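Let's walk through this structure together, one contact at a time. Keep the sequence and the 3D view open as you read.

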Protein chains: 2
Amino acid sequence: MRRQIPEVVVSRLPTYLRALALLKSEGIEFISSRGLGARLRMTPAQIRKDLSFFGKFGRQGRGYSVSRLHRELQQILGLDKTWQMALVGVGRLGRAILDYKGFAPEGFKIVAAFENDPNLIGKKVSGVLIEDIAKLETSLKDKKVDIAIVAVPSSDAQVVIDKLVKSGIKAVLNYAPICVRVSRGVRLQGIDPVLALQGMTFYLARG
Amino acid sequence: MRRQIPEVVVSRLPTYLRALALLKSEGIEFISSRGLGARLRMTPAQIRKDLSFFGKFGRQGRGYSVSRLHRELQQILGLDKTWQMALVGVGRLGRAILDYKGFAPEGFKIVAAFENDPNLIGKKVSGVLIEDIAKLETSLKDKKVDIAIVAVPSSDAQVVIDKLVKSGIKAVLNYAPICVRVSRGVRLQGIDPVLALQGMTFYLARG
DNA sequence: CCTTGTGAACGCATTCACAGCA
DNA sequence: TGCTGTGAATGCGTTCACAAGG
């Protein structure tokens with residue numbers, strides 16, 4: 001169990017967690033690193049090494065208790081609480097995000113939404129009141145928001161993210177297709193289908 | 001210029017391309033590896049090394065011609081053609097994808113859409129005719145589709161992807177939040193906001 | 001036989017540092 | 001002076017291989 005855990009290790013934990021949830025729903029009680037590795041297309045050694053950063057969760061000869069490891073990973077990833085999120089930008093994409101049913105079961109809740117279009121402010125979408133973006137800072141603090149989702153046009157994204165950071169937000173999920181700059185200490189994850197596609201065409205183009 | 005290029009290098013090229021497009025739009029004609037690195041928060045050495053896998057594009061004392069490097073990267077990534085895509089699953093998410101305006105300008109075109117809901121089959125959404133998923137294989141070949149986008153419920157995703165692969169598809173952009181298994185030789189990219197969020201909560205939970 | 005956990009070995013990606021050139 | 005391109009060095013992540021336990 002080391003002090004500083006490599007980012008690449010952390011980035012794999014959510015996929016482990018998801019695989020374990022599936023195993024649980026299949027009624028499987030124990031899984032070996034080899035079995036998990038086969039499902040995830042990874043080497044057993046990597047899984048064991050990754051987990052060893054956080055403790056000893058397995059039993060020789062048996063493998064890992066699915067429910068135990070699931071619980072441990074949830075706790076390690078900080079998923080044993082509900083995270084409050086705010087959405088900025090309630091256009092077409094923003095509405096799809098508000099509608100998305102996949103967040104809540106994983107403990108992510110959208111509790112606020114912001115727009116600058118006066119026609120939308122004051123309305124409710126998917127049960128969330130749309131507020132004026134001018135009230136961003138106060139409202140974020142009132143509602144104890146942890147994470148912001150940015151779904152504004154690319155041209156506005158940097159300004160919006162700067163505002164969010166100034167308001168004390170420490171994690172941003174950005175849907176705008178731009179290279180954003182963020183101060184150290186703030187986590188930023190991009191969701192960008194075009195980048196994903198461009199990463200595949202390289203290989204498609206050469207057979 | 002090596003034969004086998006590391007995946008991690010390829011994965012960075014799209015971000016370089018995007019930064020160059022921005023520089024171009026700003027009217028900047030030359031950029032050094034240091035200047036580009038400052039924008040992307042990367043070391044100049046990494047950028048130079050990455051590019052050196054593909055050729056010599058810079059000029060000593062000046063840096064890189066923005067438009068030249070942009071063109072070269074487009075070509076390297078296979079983006080000097082239009083890629084034909086098919087969407088499977090025209091639910092809420094699928095419709096948002098059909099509506100998305102970001103694909104076309106980058107050379108990605110959705111030319112077909114498939115559903116199993118009879119109420120949708122035969123209708124047009126965002127100019128694309130929705131076909132019966134039973135006609136997947138023939139239609140994909142007729143329309144010379146290169147890439148498939150999967151936006152079906154998680155429970156159907158593996159079956160759909162197997163069908164796509166059997167139909168000869170070599171690249172899949174998957175929006176379903178599951179661990180998919182794909183045969184070697186097929187590229188798979190996942191778009192999964194929950195995984196992205198879970199990767200951030202680890203750090204949020206420890207200050 | 002089956003497992004895990006782990007130090008050591010390995011291999012690959014990043015960074016350094018400098019020759020070569022404008 | 002500025003910069004690129006690149007071999008060499010470094011550092012880090014993955015894999016190996018085995019002791020220990022069931």
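How are H1(A) and H3(A) oriented to each other: roughly parallel or roughly perpendicular? H1(A) and H3(A) are roughly perpendicular to each other, a label given to angles of 65 to 115 degrees, whereas angles under 35 count as roughly parallel, over 145 as roughly antiparallel and the rest as oblique.

## About the model

This is a predicted model, in which local features need pLDDT of at least 70, side-chain atom pairs count only at pLDDT 80 or more, and totals for chains, interfaces and linings use all residues. Residues are numbered from 1 along each chain as its sequence is written, chains are lettered from A and ligands numbered from 1 in the order in which they are written, and side-chain values use heavy atoms, with hydrogens and water left out.

## The helix pair in each chain

In chain A, the axes of H1(A) and H3(A) lie 10 Å apart and cross at about 110 degrees. (Axes are lines fitted to C-alpha atoms, for helices over the stretch in contact, and angles run from 0 to 180 degrees between N-to-C directions; helices, H or I with at least four residues, and strands, E with at least two, are DSSP runs numbered from the N terminus.) Val9(A), Arg12(A) and Tyr16(A) of H1(A) meet Gln46(A), Ile47(A), Asp50(A) and Leu51(A) of H3(A), where contact means heavy atoms within 4.5 Å. By class, this contact has 4 nonpolar, 1 polar and 2 charged residues. (Ala, Val, Leu, Ile, Met, Phe, Trp, Tyr, Cys and Pro count as nonpolar, Asp, Glu, Lys and Arg as charged, and the others, Gly among them, as polar.)

Now turn to chain B. Helix H1 (residues 7–25) and helix H3 (residues 44–52) of chain B pack at about 110 degrees, with axes 10 Å apart. That makes H1(B) roughly perpendicular to H3(B). Val9(B), Arg12(B) and Tyr16(B) come from H1(B), and Gln46(B), Ile47(B), Asp50(B) and Leu51(B) from H3(B).

## Around DNA strand D

There are 24 residues around DNA strand D, and Arg12(A), Ser33(B), Arg48(B), Gly58(B) and Tyr64(B) come nearest. (A residue is near a strand if one of its heavy atoms lies within 4 Å of it.) H3(A) gives the largest share of this surface, 4 residues. By class, the surface has 5 nonpolar, 11 polar and 8 charged residues.

Several polar contacts (pairs of N or O atoms within 3.5 Å) can be found here. A polar side-chain atom of Gln46(A) is 2.9 Å from a sugar or linking oxygen of DNA strand D, while a backbone N or O atom of Phe57(B) is 3.0 Å from a phosphate oxygen.

## Around DNA strand C

Among the 22 residues around DNA strand C, the nearest are Ser33(A), Arg48(A), Gly61(A), Tyr64(A) and Gln60(B). H3(B) gives the most to the surface near DNA strand C, with 4 residues.

Phosphate oxygens of DNA strand C lie 2.9 Å from a backbone N or O atom of Gly58(A) and 2.9 Å from a side-chain N or O atom of Thr43(B). Arg48(B) places a polar side-chain atom 3.2 Å from a base nitrogen of DNA strand C.

## Where the chains meet

Chain A and chain B bury about 5300 Å² between them, 70% of it on carbon and sulfur atoms. (Buried area is the accessible area, with a 1.4 Å probe, that two parts lose on being put together, summed over both.) In chain A, Arg18(A), Gln198(A) and Met200(A) lose the most area to chain B, together 13% of what that side buries.

Technical notes. Polar contact = N/O pair within 3.5 Å; in protein donor to acceptor, adjacent residues only side chain to side chain.
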